[in-house]
Amino acid sequence: MSISRLTAIAAIFLCAVSASAQSFGLVFFKSKVTLQRKLPAVVQLPGTSVKVIVTSHANAADLASDFQSALTSELLKQDPRLHVSEGADSIINCQILSFEEPPPITTTTPGVKQKDGTVPQIPHTRVTGQLRVAFQSRTRAGQTLGSDNVNEQYDEMFDASGNAQSGGIAGVFNNSIKRIKGDKIENTHPPTPGELRTNLFNKAVHQIVSELVVTDETIEVYLAKGKGMDPGVKDAEAGLWTRALEAWETLKPLDKPVEDAYRLYDVGVAYEALGYASKDPETAMKYLSQASINYGKAIDSNPAEKYFREPQKRIETALAHYEKLEEDLKQRK
């Protein structure tokens with residue numbers, strides 16, 4: 001595709017954006033920022049030695065072995081004090097309840113009607129997968145420290161060029177630009193079975209580890225731009241979250257609830273960032289609770305926006321960690 005043609009397409013997209021107010025599915029209205037998220041452990045592992053045991057059904061012995069290796073490595077990475085030992089102070093028992101990787105499903109949707117009257121059929125490939133794991137942590141003496149179930153899912157649609165459909169039209173357009181420039185392109189093909197398994201394993205391992213030890217990670221989040229929210233976005237990009245929060249909270253609510261949802265979402269991101277930056281658990285919980293409230297309002301105002309779902313889940317996990325930490329502190333006192 002030539003540069004001139006891409007320029008023309010870009011002009012069409014920009015016109016469409018202007019006409020349709022705000023759509024978080026288009027990168028013209030997104031800004032990516034990073035948050036440094038540090039979560040306290042839900043349980044307190046005694047000592048400094050651990051042993052990880054993973055079991056599964058007879059036909060999935062390789063899954064158990066790989067999961068055990070991944071979980072052990074991540075535990076030691078997140079908490080350098082730990083080491084593996086047969087007579088460990090803490091034993092982590094995991095059971096892989098199910099692992100599903102059904103064959104990709106290819107469907108077609110009608111494309112743009114051609115001059116000759118024909119309507120091409122556009123192929124799409126849907127890849128899904130699911131991993132369910134139960135885990136329990138206990139002491140060497142057999143005392144249960146904590147237990148939980150982890151359920152991770154993968155569900156993504158790809159077009160004929162390998163673009164993930166969650167990126168919307170703009171995602172496809174950006175990948176076309178990157179191909180011409182020779183830049184790195186993400187989500188350019190449906191994952192192989194091995195890549196799918198790695199994706200699910202990494203998510204499940206991270207969730208388990210975050211309950212057992214203090215975790216420190218960098219997460220990327222989107223901010224919505226447009227409709228007067230850009231000054232707050234600039235402050236957020238500079239790390240000035242208090243100023244960004246003030247800018248969005250004092251901004252007059254947008255007339256249409258489906259549009260104001262994006263302002264509420266940005267307010268939620270600001271509260272989340274302030275929560276992670278707080279040194280005091282009580283203050284962190286206050287900010288995270290406000291983030292949850294605003295994410296919830298955003299979802300209620302615009303339930304069709306898929307990007308509002310993950311932050312709410314992320315906040316619920318963080319709140320659970322801090323609530324457990326507060327409970328432990330009260331018990332110690």
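Biologist: In this predicted model, what makes helix α6 roughly antiparallel to α7?

Modeller: The axes of α6 (residues 241–250) and α7 cross at roughly 155° and come within 9 Å. Angles over 145 degrees count as roughly antiparallel, and therefore α6 is roughly antiparallel to α7. The crossing of α6 past α7 is left-handed.

Biologist: Which residues make that contact?

Modeller: On α6 they are Trp-241, Thr-242, Leu-245, Trp-248 and Glu-249. The α7 side includes Arg-263, Asp-266, Val-267 and Tyr-271. By class, the contact of α6 with α7 has nine nonpolar, one polar and three charged residues.

Biologist: How do you know that the span of α8 agrees with what a helix should have?

Modeller: The 21 residues of α8, at 1.5 Å a residue, should span 30 Å, and the end C-alpha atoms are 30 Å apart, so the two agree.

Biologist: Which residues of α8 are called buried?

Modeller: Among them are Ala-284, Leu-288, Ala-291, Tyr-295 and Ile-299. Buried means under 20% relative accessible area, and 42% of the 333 residues of the protein chain count as buried.

Biologist: How many helices and strands does the protein chain have?

Modeller: The protein chain has nine helices and eight strands.

How values were computed:
Residues numbered from 1 in each chain as written. Predicted model: local features only at pLDDT ≥ 70, side-chain atom pairs only at ≥ 80, totals over all residues. Heavy atoms only, no water. Helix = DSSP H or I, 4+ residues; strand = E, 2+ residues; numbered from the N terminus. Expected span 1.5 Å × (residues − 1). Buried < 20%, exposed > 50% of the residue type's maximum accessible area, 1.4 Å probe, protein only. Axes fitted to C-alpha atoms, helices over the stretch in contact; angles between N-to-C directions. Parallel < 35°, antiparallel > 145°, perpendicular 65-115°, else oblique. Left-handed = near helix turned anticlockwise from the far one by under 90°. Contact = heavy atoms within 4.5 Å. Nonpolar A, V, L, I, M, F, W, Y, C, P; charged D, E, K, R; others polar.
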